[in-house]
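Load the model in the viewer and keep the selection panel open.

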Amino acid sequence: MAEAHQAVAFQFTVTPDGIDLRLSHEALKQIYLSGLHSWKKKFIRFKNGIITGVYPASPSSWLIVVVGVMSTMYARVDPSLGIIAKINQTLGTTGSMSNQTKNVVSGILFGTGLWIALIIAMRYSLKMLLSYHGWMFAEYGKMSQATKVWMTMVKIFSGRKPMLYSFQTSLPRLPVPAVKDTVNRYLESVEPLLKKEDFTRMKGLAEDFSINLGPRLQWYLKLKSWWATNYDLLYVIPTHIQAARAGNAIHSILLYRRKLDREEIKPIFLLGSTVPLCSAQWERMFNTSRIPGEETDTIQHIKDSKHIVVYHLGRYFKIWLYHDGRLLKPREIEQQIQRILDDPSEPQAGEEKLAALTAGERVPWAKARQTYFSRGKNKQSLDAIEKAAFVVTLDDTEQGYNKKDPITSMDSYAKSLLHGKCYDRWFDKTFTFIVFKNGKMGLNAEHAWADAPIVGHLWEYVMSTDCFQLGYTEDGHCRGDTNPNIPCPTRLQWEIPEECQDIIEKSLSLACTLANDVDFHSFPFDTFGKGLIKKSRTSPDAFMQLALQLAHYKDKGKFCLTYEASMTRLFREGRTETVRSCSMESCNFVLTMVDPMQTVEKKLKLFKIAADRHQHLYRLAMTGAGIDRHLFCLYVVSKYLAVDSPFLKEVLSDPWRLSTSQTPQQQIELFDLERNPEYVSSGGGFGPVADDGYGVSYIIVGENLINFHVSSKFSSPETDSHRFGAHLRQAMIDIITLFGFHSNAKK
């Protein structure tokens, strides 16, 4: 806002009588308020930096320690074992202090040193405590006395009222597993998928790697580990006014950003409120963009951004987020969005499909960016997008769940959020916020900067704030008043030559080919949910993964390498690890399920064995003992050293024909589903990893609903997302029926 006025804050003309200077008082006011807001933000960050820097102690604890030391000194007791006397003696060499001053300064210096030493000791003790993961392998529903004592110690050393980044320096590094352990786990994971002779050959390659090249690569990897640290509501549309929905939601997103800047978002914990997870991924949620490069992309993040960029009908607009030194209110944002919707101007040459560059191949985009967007108005406009807090798309289509046609409507909704028209989402931003013509909304998120749970945490807050806190008037508008004094959004200006427009069209053609090949099926499963699964004393995730294995076998008649995403945020800067869900135990269970001659008792027995095995694999992945990240890092080291490994090359060439992920609900307290059962999330999804495979995402909502997203490619004769969805529904029912819950499950 203030930047828009700076050019006209001072105006002058040269006359024969001298210089005639005119000041714009409104502009000067906005500049002053903008500066005040900036300094407030810097002060908050400085304060939070101090609080986080001394955690798990507090700044006030310094005074307590120093006063304690001074009190013992005046009681003629030396708590320093002679250190204070040595400090006093050193200060005496200056000759400029009285004895009393030297005593005070010596006491303060020793007290400060003792305080810092205590902080380091507490932080190291907490890191050692958080390195213990035995609690995760305890029997379901049981907790040992040792674990209870450990939990108490963690809480003691965790301090009080932690901020978002308080635990970062106390989290352990991700460990590097032994090569032989990782190789053995890999062999176990592929044994049910390979023929006997193929497995024997792979076993020989693995043993040779473990003895010869593996230990050498491991040494470099260990050295590196020491040097470095390692989606919208389904049934509800609270308003059908596009601008109003955008106003509330954008304001909610900005409130979340303010809480993030102030570190007021609480850390995520496991085991109640005991074990903290790494919060590093939150740092780049806003004001961030992926920048294309010819060899590798980079992540560009700026500390603050005071604007967003809005795309509508092929035009890009810039909206300032502050006025009179404060954040725009929901009704004011609605006003700005409505001004864009009412704007009759046409797109400039090359502007409408510009974002297709972010959807195509990276090298042409990197070259085009350097050639056509590195100077002049093109650079200025591209900077506005890349340095925006986030990008908003006002979509001109209507999407969302339709009771009259639930299958087609949900599939269309999911595909629109995934790729849209391939030129109306800026795929390089951390996320593009999309508002449809009928008031439905969603996010399209870039994956390099963070994982799905981080975006999900933001989205849960936005949906809750939009519906339950901000709300709408009876006629569907945001609450509050419009403000005619706020300047209109400004159009971004472009001069895109025809050569660049040709590159845009080529990128769009490639992106559309990929997008049109995606077969996306999104559906709610409400026959039963987590509540009934828990009655079988089975982990809901293990139940889901075994149902997926059964569905895949019924769909294709064979097993495949399966990817399930597991987080490693128990460690500092941890991201994800792979759980290889297709195991020997899961295959045995599936084969028994499709054999009509097998008894229910045997099926149940093998289900329990397979579920326990899956849980064990999941826990290994979470605690740093997974397979794939370790092998991939060894492969990277081998490429750096220019050595060839047939074993690693073959491992990394195996396709994931079933890629799965669960979107967790993290802020259950925000939604009371018993009182508001219609306020359920449809979750999020992704495309298939392999050309002849499936991508499956699911979110367990409350006790009685599971939402699925299944993707595949139309071009593959082996896959059909709707067919797989039907197999998955039936697999869920077949498994729950084993436990005698068939009366609750409707086919």
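At which residues does UniProt place the feature "transmembrane region"? Select residues 104–126: the unreviewed UniProt entry puts the feature there. In this predicted model, the span is 100% helix and 0% strand, and its end C-alpha atoms lie 33 Å apart.

Now select everything. The protein contains 23 helices and 20 strands. Its radius of gyration is 30 Å, close to the 27 Å that the globule rule gives for 747 residues, so the protein is as compact as a globular protein of that length. Along the principal axes, the C-alpha atoms fill a box of roughly 100 × 80 × 60 Å.

Switch to a surface view. Of the 747 residues, 52% count as buried. Colour by charge next: there are 89 positive and 78 negative side chains, and the centres of the two sets lie 8 Å apart.

Then select strand E11, residues 391–394. In a regular strand the side chains alternate between the two faces of the sheet. Here Val391 and Thr393 are on one side of E11, Val392 and Leu394 are on the other, and all are buried, so both faces are covered.

Strand E7 (residues 307–312) runs parallel to E11 and is joined to E11 by 3 bridges; Val310 has Val392 as its bridge partner in E11. Strand E12 (residues 431–435) also runs parallel to E11, with 4 bridges between them. For Val391, the bridge partner in E12 is Thr432.

Terms used
Residues numbered from 1 in each chain as written. Predicted model: local features only at pLDDT ≥ 70, side-chain atom pairs only at ≥ 80, totals over all residues. Heavy atoms only, no water. Helix = DSSP H or I, 4+ residues; strand = E, 2+ residues; numbered from the N terminus. Rg over C-alpha atoms; globule rule 2.2 N^0.38 Å. Buried < 20%, exposed > 50% of the residue type's maximum accessible area, 1.4 Å probe, protein only. Lys, Arg positive; Asp, Glu negative; His and termini not counted. Charge placed at Lys NZ, Arg CZ, Asp CG, Glu CD. UniProt positions renumbered as here; feature names shortened; annotations may be inferred. Pairing = 2+ DSSP bridges.
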